[in-house]
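Welcome! Please take a moment to look over the sequence and the 3D structure below. A short tour follows, sorted by topic.

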Amino acid sequence: MAKKKAVVNTRKCVACGCCVKVCPRNAITVPKGIHACVDRELCVGCGMCARECPASIITLEVTEE
């Protein structure tokens, strides 16, 4: 069954943390303040992070799981 997961464009992420604040599953972290990272095991693909990202660099990707 196909599911969606958040994907961060790490080249454009400025590590603002907006996505971290809205993730209901705590699936996003900003280790060392470099860029956001998504834990794909925790991500449920709700899209809240993508909607909140001021730079629009988070997308939802369809995965087969």
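Is A36 buried or exposed? A36 is buried, with a relative accessible area of 2%; here buried means under 20% relative accessible area, exposed means over 50%, and partly exposed is in between, using a 1.4 Å probe and protein chains only. This is a predicted model, in which local features need pLDDT of at least 70 and side-chain atom pairs count only at pLDDT 80 or more, while totals for chains, interfaces and linings use all residues. Residues are numbered from 1 along each chain as its sequence is written, and side-chain values use heavy atoms, with hydrogens and water left out.

**The overall fold**

- The protein has 2 helices and 4 strands, where helices (H or I, at least four residues) and strands (E, at least two) are DSSP runs numbered from the N terminus.
- Read from the N terminus, the order of these elements is β-α-β-β-α-β.
- The radius of gyration, taken over C-alpha atoms, is 11 Å, close to the 11 Å that the globule rule gives for 65 residues, so the protein is as compact as a globular protein of that length. That rule is 2.2 Å times the number of residues to the power 0.38.
- Along the principal axes, the C-alpha atoms fill a box of roughly 35 × 20 × 20 Å.

**Surface and contacts**

- Of the 65 residues in the protein, 29% are buried.
- The protein exposes about 4400 Å², and carbon and sulfur atoms supply 53% of that area; accessible areas come from the Shrake-Rupley method with a 1.4 Å probe, and for residues only the protein chains shown count as cover.
- Among contacts (heavy atoms within 4.5 Å) with a separation of 6 or more, 59% are between residues 24 or more positions apart.

**Inside the protein**

- The largest nonpolar core has 14 residues, and V8, I28 and I58 touch the most other members. Such a core is a set of buried Ala, Val, Leu, Ile, Met, Phe, Trp, Tyr and Cys residues joined through side-chain atoms within 4.5 Å.
- Beyond its neighbours within four places in sequence, I58 is in contact with residues including V7, V8, C19 and C53.
- A36 sits in the loop between β2 (28-29) and β3. Not counting residues up to four places away in sequence, A36 touches V8, T10, C13, C19, I28, T29 and V30.
- The C-alpha atoms of A36 and C19 are 8.0 Å apart in space, and these two residues are 17 residues apart in sequence.
- V38 belongs to strand β3 (residues 37-38). With residues up to four places away in sequence set aside, V38 touches A6, V8, A27, I28 and C43.

**Charged residues**

- How many salt bridges does a search of the whole structure find? It finds 1 salt bridge, meaning a side-chain nitrogen of Lys or Arg within 4 Å of a carboxyl oxygen of Asp or Glu.
- Side chains of opposite charge can pair when their charged atoms come close.
- E61 forms a salt bridge with R40, and their closest N and O atoms are 3.8 Å apart. This pair links distant parts of the chain, with E61 in strand β4 (residues 58-64) and R40 in the loop between β3 and α2 (48-52), 21 residues apart.
- E61 is partly exposed at 39% relative accessible area, and R40 is partly exposed at 32%.
- K5 lies in strand β1 (residues 2-8) and is buried, with a relative accessible area of 5%. The side chain of K5 reaches the backbone oxygen of R40 at 3.1 Å.

Key:
A polar contact is a pair of N or O atoms within 3.5 Å; within protein, one must be able to donate a hydrogen and the other to accept it, and residues adjacent in sequence count only if both atoms are side-chain atoms.
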